[in-house]
Amino acid sequence: MESREHDDASAQDMLEESFNRILEIMTQVGAGAGSPKFSIIYAHENAELPDYPAHTAVVQKFIGWFKRLGLDVDSDRSPHGWAADRCAEIPGASNDILKNQVCLLPPEWDSRNVEIVIIFGSQLLNQYIKDEQGITIDDGATYTKTLVDKCWELEKARVAGDAWCEGTAYDEIAKIQHGFASKMGSIFHHILTELAFVQFRNQYQKSPNMIPVLLDEGACLDAFFSKALLYKNTLLREPINHEDLYKSLFKIILRFESVERNRFLIEAMRECFTKCREALQTKATLERTQYRVDYETKRKLVKLYNLFDEIETDGKEKITPRRIIIRGLPGIGKSTLSRRIAYEYNRHTFLNKADLVVRLPLRNLERFHDFDQLLFAEFFSLEPRGRELSQKLAETILSPAKREFRILFVLDGLDETTGFEGGSRSLLSHLMEKDYVVITSRFGSARGELVKHIDLKLQAIGLSVDAIWTYLDNRTVVPSVEDAEAIRQHIEENETLQDLIRIPLHLDMLCYSWDELKKTGDYAGVLTTTEIYQAIVHKLWRKDIPRLNKSDHGQPLTASIVESVRDPRRLERVVQTELSLMGRLAIILLEKGRTQFSDMDISTTITKLEVESGALPLSLENHLPMLSFLQSESDINSQRTFSFIHLTFQEYFAACYLLRDPTTLKKSLEKHKSNPRFAVVWHFVAGLLPSEHLGIEQYFEPLHDEPTPYGPRW
């Protein structure tokens, strides 16, 4: 195990990487389109006032994020201003600070002025305001009041048309500024001018467009602005914490009415980031997962960061592995692990194994007919020069010539693809022969000819006991303390269940379906893998049936009716057509070694089912994308493809379909008994058959005719 400090740092790195990726997506899809012109006001750190923090770096982070998103932001780093001839250290700025500040005046005065002002309050800004209020001129007016009064005077002249012009306004304001600057000396700060302009525009506009953001508990703007403008729900109180700053960006953007048409997208990105953060806060993540190396005579634990380190084999030979395969049971987290390996070995220079890390989900090899299309879809579809970059990367990977830089390939799901067959060498075998390769696969993969040059074989063994308890203690996973304790007690009393939930997918499914298990009473005995899948399938049907507008005996099935059904098997009678289609598709995909299917596959399968059993409802194709068991995506040609949410659900529905007809089940057993792709299907079949089923033995007689290479029992 790595140290807690290392884990926390790694989690923070991953959080930052997730946030940056979300920003990239938002930028590419134009989430900032329609941005209002807005300005940011904030204080800079002052060495003479070290006890009053300004959090300048925090505000500059926001400015950087706004600019990345293409928002029309104005600040001291990129001012709009009134200056036509600008020449300053900051590109676009005027050496005359006032000419950069006048854009804060009402938009009615000049089209160059900003629509919205964001003020970042800090303790230093508070102190500037207090100091300013202690200095007055002969009539007792402060700098702010004098400047606001002058602005109203200029406004009256503008409305009356009395020789008002930009130059006159600027000269009058500059005169006041210079006079007070001389009198106030070191306590004069240019931000006071900006605050005065904002106070004037707040008085001028019926609905002031100001967003106050308080950066710490000591920040307060009440003394400067009317409390009516600062009532509680208008303030964003943001503690100085990276995670909260990320959230705050979304809060601020969603205050802009002009981005309303992109609100759904922005909220979706915010939700995506929230889920990423919750996942990283859950300690039952892969840094808490152990991996073991199995030899004939002994076992060794291997840490994630040590995959390519020198290791001693059972024959006392020391090797430095370069091609590694990690096998594991369904749901153990192999795909998640592959992503983690790609992230860590790309992110951390101390690993220093490759100059570039390329992770490829091997299941996607089936979707594309040339390698550069696959690379484009995986990595470059949002890049302006994406086609060019994908072609260049494809040439680099496929070139037999030695390159000065090294590439680490992380190939996920060897058991889920046949690869591109091109003569005697497929693309898959070509990739697996590269210098540095990590492959993930289930047990029993029929790719023995491809793994003969593997240096090191690892087995994923799942979650530790501590990780399981930590997962249950996370209230975002199991909101109820009582349920968490009940699940824990059930695990402690059930040795079979203890083995099952070392697989992360099973633990997650157990927690998610616990209320369903309580409702049916199925949790009282010894739970099996199949029973956990049945529980979660029934729970998802309770969710989907009302959305599908199903009815029973002429009565619409509402959510309350569906929830009141105690025996969930009764629900299946209203979704028989969906079950048939999913089951038939699952069988076809397994036979073809595929995990994804298209609209054409759906249409063809429906036609076959109608030939066999009569007409199916016309709503079936419309219902299919609404099912919680499926997920969809569009490829680079905007063609929609579907897949089951996890391969094990595809196998579960295949088993359900086969059990409908004893003859079909027997034929499938005879045909696919030695097909490792059906290994998990047969386990589900065994779990779904009732123990009192008459003649159950006859279905499994074909399995005894010859050995079946199914790998470890599941």
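User: Which is D552, buried, exposed or partly exposed?
Analyst: D552 is partly exposed, at a relative accessible area of 22%. The classes are buried under 20% relative accessible area, exposed over 50%, and partly exposed in between, with a 1.4 Å probe and protein chains only. Note that this is a predicted model: local features need pLDDT of at least 70, side-chain atom pairs count only at pLDDT 80 or more, and totals for chains, interfaces and linings use all residues. Residues are numbered from 1 along each chain as its sequence is written, and side-chain values use heavy atoms, with hydrogens and water left out.

User: What does D552 form a salt bridge with?
Analyst: Its partner is R573, with the closest N and O atoms 3.0 Å apart. A salt bridge here is a side-chain nitrogen of Lys or Arg within 4 Å of a carboxyl oxygen of Asp or Glu.

User: How many salt bridges does a search of the whole structure find?
Analyst: The count is 23. One of them joins D483 to K518, at 3.0 Å from N to O. That pair also links distant parts of the chain, with D483 in helix α15 and K518 in helix α18 (residues 514–520), 35 residues apart. K518 is partly exposed at 36%.

User: And what about D110 and R112?
Analyst: Their side chains meet in a salt bridge of 2.9 Å, N to O. D110 is buried at 14%, whereas R112 is partly exposed at 29%.

User: Which residues are linked in a network?
Analyst: K150, E153 and E172 are linked by salt bridges in a network.

User: Switching to cysteines. How many disulfides turn up?
Analyst: The search of the whole structure gives 0, taking a disulfide as a pair of cysteine sulfur atoms within 2.5 Å. As for individual cysteines, C511 counts as buried at 9% relative accessibility, and C656 is partly exposed at 25%.

User: Back to the backbone. Which phi does N549 have?
Analyst: Phi of N549 is near 55°, a positive value in a residue other than glycine. N549 is in the loop between α19 (529–547) and β15, and is exposed at 68%. H553 has a positive phi of about 55° and is not a glycine either. H553 lies in the loop between β15 and β16 (555–556), and is exposed at 76%.

User: Which residues of helix α14 are buried?
Analyst: In α14 (residues 465–473) they are A467, I468, W469, Y471 and L472. Their cover includes β14 (456–463), α15 (481–492) and α17 (504–512).

User: What about α10, how far does it reach?
Analyst: Helix α10 (residues 334–347) has 14 residues and spans 20 Å from first C-alpha to last, close to the 20 Å expected at 1.5 Å a residue. The expected span is 1.5 Å times one less than the number of residues. Its buried residues include L337, I341, Y343 and Y345.

User: Where is S580 found, and what is it in contact with?
Analyst: S580 is in helix α21 (residues 576–592) and is buried at 14%. Leaving aside neighbours within four places in sequence, S580 is in contact (heavy atoms within 4.5 Å) with L609, Y657 and R660.

User: How do β17 and β19 run?
Analyst: They are antiparallel, with 3 bridges joining β17 (residues 596–598) to β19; strands pair if DSSP finds at least two bridges between them. S598 stands opposite T641 in β19. Strand β19 (residues 640–644) is mostly covered, with 4 of its 5 residues buried.

User: Last topic, the chain overall. How many helices and strands?
Analyst: There are 27 helices and 19 strands. Of the 714 residues, 51% are buried. Among contacts between residues at least 6 apart in sequence, 70% join residues at least 24 apart. The chain exposes about 34,400 Å², with carbon and sulfur atoms supplying 49% of it. Areas come from the Shrake-Rupley method with a 1.4 Å probe; for residues, only the protein chains shown count as cover.

Terms used
Helices (H or I, at least four residues) and strands (E, at least two) are DSSP runs, numbered from the N terminus.
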